[in-house]
Amino acid sequence: MPTRQVTVRTPAKVNLDLSVGGLDENGFHKLSTIFHAVDLVDDVTVREAPDWSVEVLGPYASVVPVDDSNLALRAVKLIAQWSERRGGPCPPAVHVSIDKSIPVAGGMAGGSADAAGALVAMNELFDLGAELPDLTELAAQLGSDVPFGLVGGTALGSGRGDEVVPVLTSAKYHWVFAMHDEGLSTPKVFRKFDELFPESAHWEPTPNEDLLVALRSGDPGDLAPLIHNDLERPALELLPRLQQTLDTGRSNGALAGFVSGSGPTVAFLVESRTSALDLMVALAASGVCDNVVSATSHPGGARVHTVE
Ligand code: C5P
């Protein structure tokens with residue numbers, strides 16, 4: 001029986017290091033970042049349908065657009081056009097279903113993960129023959145974080161974040177994420193960064209070598225003091241309540257607390273599964289955030305999960 005649908009599981013990310021510099025020729029900020037995937041996942045299912053469409057399932061269903069602006073929908077159309085242009089298979093319209101657990105507008109690249117998942121699912125469903133370099137090129141057209149979604153694990157990002165090189169590490173850390181109902185717009189956070197640090201126009205961001213060494217040891221105590229995010233200050237200026245969340249986590253056993261990407265999700269690195277549970281209870285009881293989940297590091301990126 002021919003394949004009818006493909007589901008790709010795609011993880012969220014945190015940035016363990018995020019250094020922001022001046023603008024590139026396209027108006028994006030030059031970045032040096034260390035991406036790290038965590039096992040908070042979305043499942044993206046693609047199947048043939050009479051029309052192009054997307055639906056979102058789960059607690060975030062009402063806040064994700066399902067029109068043409070949806071990044072996963074744009075991804076399936078983009079790879080279909082790519083295949084046609086190069087004389088490959090000419091895929092029909094598809095329906096994309098996203099079973100969503102990654103927070104929306106949370107700084108964890110949920111939309112980018114879905115787009116990466118949709119590219120991989122479409123490629124598999126119709127045997128389009130796109131290799132990783134092809135997928136990466138298409139991913140970069142969709143957004144700065146999408147290429148990392150294909151690679152996953154831990155990776156060094158440069159350019160505007162879209163040039164991704166895997167970092168070999170088997171380190172597995174425990175994380176707690178504190179979510180906030182208010183979203184934070186990524187462009188607004190970058191604009192606030194420019195406002196706060198006008199001198200950054202001349203900065204050339206470089207990777208933190210010490211952090212790369214700490215990842216090799218896998219000891220969370222080595223990693224904790226090196227985690228750094230240049231977008232934390234602007235995110236805090238735009239949403240001051242995040243400071244209380246950071247303080248609560250730091251005073252309840254977290255080894256490190258930081259804003260994830262452009263926020264507003266706050267990430268905590270903890271020692272163990274038990275400390276993760278303790279911290280979740282403390283955060284929930286304090287009422288400083290609206291939801292809290294735990295996760296561990298995830299070794300891969302968007303990968304085929306089921307083929308039916
Ligand atoms: O690439 P992506 O679509 O995710 O970026 C969203 C917005 O975030 C951009 O339009 C830009 O305002 C900002 N951004 C930036 N520099 C980057 C990445 C994103 O200024 N390297």
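A polar side-chain atom of His 29 lies 2.7 Å from an oxygen atom of the ligand in this predicted model. An N or O atom in the side chain of Ser 144 is 2.5 Å from a ligand oxygen. The backbone also takes part: a polar backbone atom of Arg 160 is 3.0 Å from a ligand nitrogen. A polar contact is a pair of N or O atoms within 3.5 Å; within protein, one must be able to donate a hydrogen and the other to accept it, and residues adjacent in sequence count only if both atoms are side-chain atoms. On its own, the ligand has 450 Å² of accessible area, of which the protein covers 70%. Accessible areas come from the Shrake-Rupley method with a 1.4 Å probe; for residues, only the protein chains shown count as cover.

Local features need pLDDT of at least 70, side-chain atom pairs count only at pLDDT 80 or more, and totals for chains, interfaces and linings use all residues of the predicted model. Residues are numbered from 1 along each chain as its sequence is written, and side-chain values use heavy atoms, with hydrogens and water left out.

The shell around the ligand includes Phe 28, Leu 31, Gly 143, Thr 186, Pro 187 and Phe 190. The shell divides into 4 nonpolar, 4 polar and 1 charged residue. Here Ala, Val, Leu, Ile, Met, Phe, Trp, Tyr, Cys and Pro count as nonpolar, Asp, Glu, Lys and Arg as charged, and the others, Gly among them, as polar. Helix H5 (186-196) gives the largest share, 3 residues. Helices (H or I, at least four residues) and strands (E, at least two) are DSSP runs, numbered from the N terminus.

Asp 162 sits in the loop between strands E5 (154-158) and E6 (163-166). The Asp 162 side chain reaches the backbone nitrogen of Arg 160 at 3.2 Å. Asp 162 has 15% relative accessibility and counts as buried. Buried means under 20% relative accessible area, exposed over 50%, partly exposed in between (1.4 Å probe, protein chains only).

Most residues other than glycine have a negative phi, and most peptide bonds are trans. Ala 109 has a positive phi, near 60 degrees. Ala 109 is buried, at 14% relative accessibility. Phi of Asp 127 is also positive, near 50 degrees. Asp 127 is exposed, with a relative accessible area of 64%. A cis peptide bond joins Gly 263 and Pro 264, with omega about 5 degrees.

Definitions and conventions
A residue is near a molecule or strand if one of its heavy atoms lies within 4 Å of it.
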